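Trainee: Please show me the model, and then let us go through some of its local features.

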Amino acid sequence: MQNHTLSIGGMTCAACAGRIEKTVRKIEGVSTATVNLASEKLFVECAGDQTLTSVKEAVVKIGYEVLDKPKRTSITIPISGMTCAACAQRVEKVIKKLEGIETATVNLATEKATVVYNPLKVRVSAVKEAIEKAGYTALDVSKEGAVDQDKLRKEKEIKTLWTKFIVAASFGLPLLYIAMVPMIKVFTLPFPHALSPMRVPLIYALVELLLVIPIIIAGNKFYTVGFRNLIHRSPNMDSLIAVGTTAAVLYSVYNIFEIAGGNVHAVDALYFETAGVIIALILLGKSLEAVSKGRTSEAIKKLMGLAPKTAIIIENGAEKEIPIDEVLPGDIIVVKPGAKIPVDGVVTEGQTAIDESMLTGESMPVDKKAGDKVYGATINANGAIRFRAEKVGGETALARIIKLVEDAQGSKAPIAHMADIVSGYFVPIVCAIAVGAGIAWFAAASAGLVSVPAGRSTLEFALTIFISVLVIACPCALGLATPTAIMVGTGKGAENGILIKSGGALETAHKINTIVFDKTGTITEGKPEVTDVVTAAGVARDYLLQISASAEKGSEHPLGEAIVRGAQNQGLALFAADNFQAITGRGIEADIKGLKVLAGNRKLMDEKGISLAELETESDCLAGEGKTPMYIALDGKLAGIVAVADVLKKSSRAAIESLHNMGIEVVMITGDNKKTAAAIAGQVGIDRVLSEVLPQDKSAEVKKLQDEGRKVAMVGDGINDAPALVQADIGIAIGSGTDVAMESAGIVLMRSDLMDVPTAITLSKRTIRNIKQNLFWAFGYNVLGIPVAAGVLYLFGGPLLNPIFAAAAMSMSSVSVLTNALRLKRFKAPGAARPLKL
């Protein structure tokens, strides 16, 4: 199974999205299919290219477009200096000689060469060099896919919608004026009496017809899409508009023939202005909606804008500037002071300090030397360096962050499922209500059970209700309520260094009432240091530290590494160790200079039958100070204790206090003994301590908390804590920003600041609250609006809803949902958390 993202064109409402999902899910080989109406993308998991082709064909077959990105790398190179066809032939010939060129076509009229090539075999710079050597000038390259095609498409869509609205409004306003002024008897307003409906009714009617035709042309998409979907028995919002306005126009055209036949009173039954103004208002709503939808993805655009456009590589011993897309793994790249690192790699020459704030949020530059890793889009502060490219294109840390955010924005939260179900049946139900209400009122009025508004016939009365119901219904608001909030929420999270992997993770996080923190590297810095060396009788201090460090040299445990550093810092030479063995969750054993050395916790000593009575008091004292006592035994006898302590993170106490203020219980899980764990917990305000827990038992402890009815989040480093992260209702992995693909966590914190944990929970709560507000408005609007349009108020002596006001309300409902979602952009991280420099 492979994941694919397809851009879809032609969707107008939630019914369209639901139809595409339903169609794609029926295809054999498709595992999941999710459509995001806000971003206009289809996220599909399917087996093989053949299945993907079937998906594309199915989407096109039901009337939508699949806007694929180009599959092959193609460039268009402007060329100057060509004077005739022979020049064009010569340029084609020299380009085709290069290895990796698939096709090359030169157009003399446009003075451009279109080249399709394999980027792994040839660079664009090599193509330009070949053109230069042939005696011509290769200008700046225009590369397909290098520009944001999606952005250009949406900008074009917005421009087209505004143009159509301006056309519709330009004809709609005079149409409304001509239609309404005589009716409301405002003769103080200027009015062409030659067009008075009572004096020349036929001319008056024909003028209205002429004014409405350009408006219908401007809104032609409503008709082409709406009626096509009706034919396919899957009506959408466009279908409602098309049927409603068509009914108004056809009834008005019928009345023109009545006027021509001598029935001058038919002039009062013209509804051209209703159709025209409805289309104009909906085009206005669609224009505002398109603008708002574009703003929901600004976070992704900011992330994409971080990467530099070019890189300087060493080729044949000389520096050469090339587009970043041409950088290959293994290239040696030169970065000068103040320049951005183009891709991820390892420093080979030079020393510098690099500003990694876009990844970590830390304002202090990080020192780099040969062998250190550097990451794309970070900024070289002072020195010049050379580094070897290791990860390029979609493999860089920045690209993976962008992919993670895109995937999250394309996912659906469980809270959206009800809206999806309703959207699937919404339009057919509205059509049924409109027809039923129209027939019921027509029958009631014909039978004299209700009075018809003055100046209207029974048919006009029923038609008004029929059109109002169709026009006021808004499936768009339902379809946009959830995805827009998720897009803005996850984007805002990325700006604050919080990568939320899915809508499900976002929703789960707001329900959390218990958070479990791993101690080492999470609450503490993860850089323990030796603080005390306590020896048994007859054992020298330096000798104990020396032999324990020698034993720990083969260990990868942070405490073992701390003991080794402590010995090296004091200039102690280490002995060779044989038969080294790590005992998980307990310690290590090794043979050194003929001695059997054991180094570890109380459990290890108890299992080996070694008495700790001689140093029990000292051990308890160290543990009470929050230090971890490591017991050292030589040949089965206690030789001493090496105490190690880890420094608490500056943000730990503030973060835990913030969580307490949110009503969340905080639990610490650690392998330390009870006294050490309790001492550390007391320093930061932990509510509950789970001590002496082996790594493999952490997930079981999380399960116990869940069995108590708690919604549990687990915060850890994402490696040792992976099983517990998976077991928890939501896993929160703390990383440096480079390990963002941790499969075990639903949320990844790009920096090691614990204040990002309450920030993530707060953002989740705000986003879900925003979604609930959107859904309440979307459902409430339709639940209240449709009955009003159907004449419920009129039944009890109230007003009858004019279709024009129904159209205005429908247009504003979608815009209001989008505007509400965009309020999340004002979210600010609480406390000490800092936004990244995007």
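The questions below concern salt bridges, backbone angles, strand pairing and surface charge.

Mentor: This is a predicted model, in which local features need pLDDT of at least 70, side-chain atom pairs count only at pLDDT 80 or more, and totals for chains, interfaces and linings use all residues. Residues are numbered from 1 along each chain as its sequence is written, and side-chain values use heavy atoms, with hydrogens and water left out.

Trainee: How many salt bridges does the count come to?
Mentor: A salt bridge here is a side-chain nitrogen of Lys or Arg within 4 Å of a carboxyl oxygen of Asp or Glu. By this rule the count is 24.

Trainee: Which residue meets Arg 123 in a salt bridge?
Mentor: The N to O distance in this pair is 2.9 Å, and the partner of Arg 123 is Asp 331. The pair links distant parts of the chain, 208 residues apart: Arg 123 is in the loop between strand 7 (112-117) and helix 4 (124-133), and the other residue is Asp 331, in the loop between strand 11 and strand 12 (332-335). Helices (H or I, at least four residues) and strands (E, at least two) are DSSP runs, numbered from the N terminus. A network of salt bridges links Arg 123, Glu 129, Glu 315, Lys 320 and, as the residue asked for, Asp 331.

Trainee: Is Asp 331 buried or exposed?
Mentor: Buried means under 20% relative accessible area, exposed over 50%, and partly exposed in between (1.4 Å probe, protein chains only). At 12% relative accessibility, Asp 331 counts as buried.

Trainee: What is the phi of Asn 316?
Mentor: Most residues other than glycine have a negative phi. Asn 316 lies in the loop between strand 10 (310-315) and strand 11 (318-323), and counts as exposed because its relative accessibility is 81%. Its phi is positive, near 55 degrees.

Trainee: In which strand is Asn 579 found?
Mentor: Asn 579 also has a positive phi, of about 55 degrees, although it is not a glycine. Its relative accessibility is 58%, so Asn 579 counts as exposed. The residue is found in strand 22.

Trainee: In strand 17, which residue is the bridge partner of Ile 354?
Mentor: Two strands pair if DSSP finds at least two bridges between them. Strand 14 (residues 352-355) and strand 17 run antiparallel and are joined by 2 bridges. The open sheet has the order 15-14-17, and its edge strands are strand 15 (366-368) and strand 17 (379-380). The partner of Ile 354 is Asn 380.
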